[in-house]
Amino acid sequence: MRTRRWSRVLLATAVVTGTLGVVQLAGSAGADDWAFSGSVVAKRAHIGEDGSASKDDATQTRVDVKVSAVENLRGRQSVRVAWSGAHPTGGVVLDPTSAEAKDQEYPVVVLQCRGVDTTGAVPRGQSRLGPETCWTQSAPERYFASSSQTPPWRVDAYASAADRAPSVGAPDPLPEACSRLSKPITARWLPLLAIDGETYYGGPDPGVGCASTAPEASDTTDVGLPSNTVYGATAKDGTGQAEFAVWTRSENATLGCSASVRCALVVVPIAGLSCDAWGNNLRAPQLQANGTPLTSTQKSNADATCRRTGAYAPGETRDSTKSSDQAVRGAYWWSASNWRNRVTVPLSFAPTGDACSATGAGDAVEIGGSVVLNELTASWRPAFCADDSLFAFSHVQQADFFALDQVDSGTLPAAFASTARGTEFSRPVVPAPVTVGGFAIAFAIDDASKNRQETLKLNARLVAKLVTQSYPVTTWLRSGRDDLADNPLNMSVDPEFRALNPGLKSDTDLSSAGALQLLSERADLTAALTAWIDADPEARAWLDGSADPWGMRVNDQYKAKRLSSIDGFLLDTFEAPDWYKTANKCYGNSPSPYLNLVANPQANLSAITINLQYASSAVLTACNFLTEDPIGSLPLRKEGRQAIGNRFVLGLVTLSSAQRYNLRTADLQTASTVPDGATFTDASGRTFVHGDTAALKAAAAGLKADPETKVWSFDYSTLQTDDGKQAYPGALPVYLAAPTTGLTDANAQDLAKLLCYAVDPERGAKQGTANGTLPAGYLALTDSNGLGAQRAYTLNAVSAIRNQTKSVPALDAKTLSYDSVCSFRTAATPTPTTGAPSDPPATAKVPDAPTAAPAPVAPLAAPDVPVKKAAPVDVATAVSEEVTLTSGQHSRLGSIGAPLLLVLALAAGLAGSVLRLSPEQLDTFSRRVRSGARSITRGRRP
Amino acid sequence: MTLLEERARTQLHDGVVDASPPPSSTAVPSRVTVATVLQALALLIVWLLLYLTVLSSFQHGHAQRSLYAELRTELALGEAPSGAPIVPGTPLAVLSIPALDLGDEVVVEGSRNEQLRVGPGHVTGTVLPGQIGVSVLAGRSTTFGGPFGGLDELRAGDPIVVTTVQGTFRYDVVAVRVKGDPVPAPPKEGQGRLTLVSSLPGPGPLGALRPANTVYVDAALESGAVAAGPVGQTDLEATYMSGRLDVPTLAQLALALQLLLLAVAGFAWGWHRGNRRVVWAAGIPVVVAALWLATSLSAHLIPGLI
C-alpha cells in the first residue's frame, strides 16, 4: 500500500514537472525573436450632449506590438512588425501598402516618422515627432475633403478647437491653382514637414500646382520606391503582422533619417474616433473657430456618423460598391483620438560610409570587385574609418574579372573575387580568403490562395530551364519553333515545378515565370550558379539534349554547351512575327529576339533586390507610350510591380542581401536518388537544402583549394555523397587578391590590417548586426566553422603582403600565429616559408613594379591627411608610425610665379625694341655706341 | 618750210641707272612684325601681372561689398544657413583676423576656384565655423585680394573671430604647419577647431610672388562651440593647388581672345583710317574691356589658393 501511494505521488510529481517544463519551453521559444515589445491600451469613448462620457459604447483593448529589429538598421532593410489584441479589420484589401488600403476599417497603421516623441524639450538637431513628420506617399493620404459640414474628424473628442474648423492646415495664402479646383465644404490638409524645413502641403491635385508634394511622393507606384506606409489587416483573432521597409536619407531625403537624425516606427492601432459633437471636451466653450455655428440637427448627425462601428464584417474583403465607415477608417490615423493610441518604436540606424568623408579620412584605399561582399563592406567601412588603428577603404563594385585585371595592371591595390583569374597574373598576387558568402535564388511567389509563399524547392534542372531561355512564354513563340514545341509555357505550369512545389498559382500568361533575373555583366556570382548546374548529372543530361520526363527540351542555342562558358545568357535569336510587331508598337519600333527581352538581365545587384523586394517583373515587353506622342521614342518598358496575390518573380541574389531585405530564398537540390526518365509527383528521393548557417558550415567541408592558383572553390561532386548532401550548394568563398610586390608600404599594411580584421574572432569573424561585425549571410573564417585551413592561409598571406615578399605562399606552408603576423606595432614579422614547387613561374619575370596609380586629387576637406611616412621597403621591418604628417599640395605654376613672368616680359620687350630698328638705324646706333666707347677710352688717355 | 616739227632729242643720262623696283611705302619688313608681336606680348604679360595683383582685388572688393550687404540682413533675420545642404556661393559667416589686418571678410560656401575668387570659402564636408568638430576654410594668398596672405605670420594665441548665424566665436591660433609637420590630434569632445588653408610664399626676397606650397593654420575654440549641423559631402571637384584646365573655361577664354583680337584689329583699322582722337576715345575702352575679360578668364585657370 505504501509503495503504491509513493509511486502515485512520484507519478504526479513527474507529470507536474513535465508540464511545467513544456510550458517553460513554449514560453521561451519566441521570446528572443523580437527586438522590441510594447503595448498600448487603445480606447474609444464618446461624449454625449450633456457632457457625460458614455460607458455603454466605450471600448478599450490592449494591443501588444513587437518589432523584429530596431538597431543597426540599414537602408531598405525589412523589419517585421507583429501585433495582437487589435480589433479585426473589415474591408480588407490585398496590398496593405496601396493607397486604397487606407480605407480599410480598423487596420493597424505602421508609419516611419522622423523625430523624438516627447512632450518636453526636443534634443538639439532633432525634430519633434508628430503626424506632420510621418511619411505617407500619395496625395489622397494627406488631404481629406468632404461635401458634408461634419466629417468625423471635426467632432473628434481630443482635437483642439482649431483642428475642428471647416478648413484646417491649408497653406496660407492658398496657391492660385487651387482656385481653379472645386472647393469642398470642409477640408483637412495634413502638411508634411521635410527635414530641411520645407513644408509640403499635399492638396487635392499637386500635379497641377494645388500645393506641393515631396519629391519622393507619387501617386503611381512605379516611380522611385513604393510607399512603405502599411495599413495592416488584423485577422479575426486580433493578431496581424506586416513587413516594413525602413528608409534612411539615401532612400528618402525628405524624411532624412540617418544615424544622427532620430526616427521612429509609429504603430497606430485604429480603434475608431472618439466623438464629441457638442464640443463638451473643448476647454474654451467654442464649437468652431470660424464660420457659422452648427445647428443641433447637424450636431446629432455628426454624432451618429462618428459613432458608427463599421460597415464591413470583420475579415470581409473590400467591395467596391460598399463604402467603409469614415469614423473607423485607417485614413484618419492622424486624428487626435487615434494618434494618442500610438506605440512609438525608436529606430537606430547604423552609421553609413557617408560618415567617412566627414571625419576627414582622406585617401581611401580602393578595393574593387565582388558584389557578394556588399553587405560586409557596408558594415565594415564606417567602423574602419572611425577607428584610428584601421584605415579608410572604399569598395568599388565591379565585375570580378575586371577588378582582377585592374589589380594586375596596378590601377587598384587589391580586389575581392571568388574564382581564379583565367590568365596568370603578371606579378605575384596572393588570393587570401576573407569569408564565405553564397548565392541564393530569391523569389516572390504567391500561392493559389493569394498568400505569400514562404518556401520553394528548386532542382538544378529547373534553374537550367530558366537560365537557358527554354520556356517559350507565349504560344506563338512555341508554335514558331521546333526545339521548344513540346515545352510548357513557363515554370508555373511546368509539371516538374508543380511536383516539387504543390499548391502554387499557375498561369499560362505569366512571362515573369519564364525568367530568372540575372546580372548582365559577367560575375563570379553567376559563375557559381552555372558551376552548380553543370555539376548536377540530371541537369547536365538535360542540357546535352535529352528530354525531361515530360518531354521538355533545352533551347537549341544552349544545347550541349557548358553553362560556365556562356557569357550573358542572351543567345536566343528568334524574333516575333510581323503581326506581333504591329500589335506591340514599341516592339515593332526596335525588334529584337523576344526571349532576350523576357530574360532582361539587370545592370546591378541592387536592381534585382529591389525587384524582388517589391515583386517587380523585369520582363521588357510592356508598351505604354504617351498618346500625345505615338510616333516618338516608343521605348519598351518593364512589366513592373505585380499585384499582391499574383506574384511570381525569381532572381539571383546573394545570401547576405536576401537576409538584409528579408527576401525568401529557395531550397536548392543537392542529391537525388530518383531514376532518370520517370515522371514524379512529389519531392521524395531528393534532398533540398536551405541557405542557412548550418548548411553553409556543412558546405565549408566541401571547399577545396586548387594547388596552382591557391583559390578555394566548392567541389560540387561532394554534394552526391551522404555527408555532403546537407551542404548548401550556393556557398561561395570570397578572397582578397593582393599583390606581394609593388604595393606602397601604406597600402600593404592597410590590406594586411583588413585581412587580420577578417580572421579576428572578436571583430571581423564575429556575427552581428552592428557596424564592424560580420553580417548575416556570411560564414566567418574560424576553425569551428571548418575553415581552419583558409584562416591559416590568410595569415600566411598577411605576412607575405606586409613584407612584400614577391612570392605567393604555398598552401602547405607552416601556419603562422595570429599574434605574430597581426601585430602592427612590432618591427619584425616572420616571413612565410615558400615551398619550392609552388612558386609560380611569374616570379621569375617580375617587371619593374608598377606603382599604384596616384589617388585622385586629395580633397582638402581633411588637411589632416593621414599620409603614413613611408618606411624604407625593408624585408625585416614593417613599421607603420602612429603620427600622421601633413601632406600638403604643391603647385608648379605657383613656384614659377610672377618673377619669371616679369623677366619674360622684360626680355620680350627688349627684343622687340631691338628688332624694331631697321638695319641702318642699327648701324648708326652701333656706330654711335662704338664712337662713344672710343671717345670714352680716348678721353681716358691723357 | 618744215611740216613735221623737230622732236626734242632724247636726252641721255649719264651715270648708273637705278633699275631696282620702286620702294613700296606700305611693305613692312618682317622683323618689325616680329618686334611688334614681342612688344605686344610683353605688354600683355605686364597687363596680366597687373590684373592678378591689383585689378583682381578690385573684383574681390566689389564682390565682398555686395556679399556683406546680403549677409548682414540674413544674420539679422537668422536666415543664414547653419548646416548642409548649402548652395555653393552662399555667404555664411564673417571672418576677422586682427593680426593680418583682415576685418569683416565674408566667407562663402564652397571652395572651388569660382568661390575662392570672391573671398575665403568654407570647404564642403566639414562642419561650419563655431560648431563642434573640425571646420576648414580655404582662401587665396596673393590674387583676388589675397585675404589669407600672410597666414604664415600668425603666432600662437592670435585671435580669429568668426560670426555666423549661430553666434560669434573667438578662436585662438594653436599652430601654423606646412608639409611634413605633424597633424594635431582631433578636437576633444565638445570643442571646435578651425583650420585655415592657403598657399605659402616661396623662399627668397620675391617669395611673395611665388606661392608654391600650402600652409595650414589650426585654431581652437575651447568653449562655446555649438552642436554640429548636417555636414555635406566632400566636393571632389575642388582642386586647391592644381590648376584647372576644364573645357568650358578654355572655350570661354578662346572666345574672349577672339573678341580681343577683333577689338585690337578694329582699333588698328580705325587708327589708320579715321580721326585719331575719336578712335582713341572710343577704341581704348573697348580694347581695355576685352583685355580685362580675357585676363579674368585666364585667371580662372590658376590654382584656387594662390
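The contact between the two chains draws on 49 residues of chain B and 40 residues of chain A, contact here meaning heavy atoms within 4.5 Å. The model is a predicted one, with local features needing pLDDT of at least 70 and side-chain atom pairs counting only at pLDDT 80 or more, while totals for chains, interfaces and linings use all residues. Residues are numbered from 1 along each chain as its sequence is written, and side-chain values rest on heavy atoms, leaving out hydrogens and water.

Putting chain B and chain A together buries about 3700 Å², 65% of it from carbon and sulfur atoms; this is accessible area (1.4 Å probe) lost by the two parts, summed over both. On the chain B side, R31(B), L49(B) and V183(B) give up the most area to chain A, together 15% of what that side buries.

As for polar pairing, six residue pairs across the interface are in polar contact, both residues at pLDDT 80 or more. Such a contact is a pair of N or O atoms within 3.5 Å; within protein, one must be able to donate a hydrogen and the other to accept it, and residues adjacent in sequence count only if both atoms are side-chain atoms. Among the elements of chain B, α1 (30–77), β7 (192–200) and β8 (213–221) each give two or more residues to the side that touches chain A, and α1(B) gives the most, with 12 residues. Helices (H or I, at least four residues) and strands (E, at least two) are DSSP runs, numbered from the N terminus.

Technical notes
Chains are lettered from A and ligands numbered from 1 in the order in which they are written.
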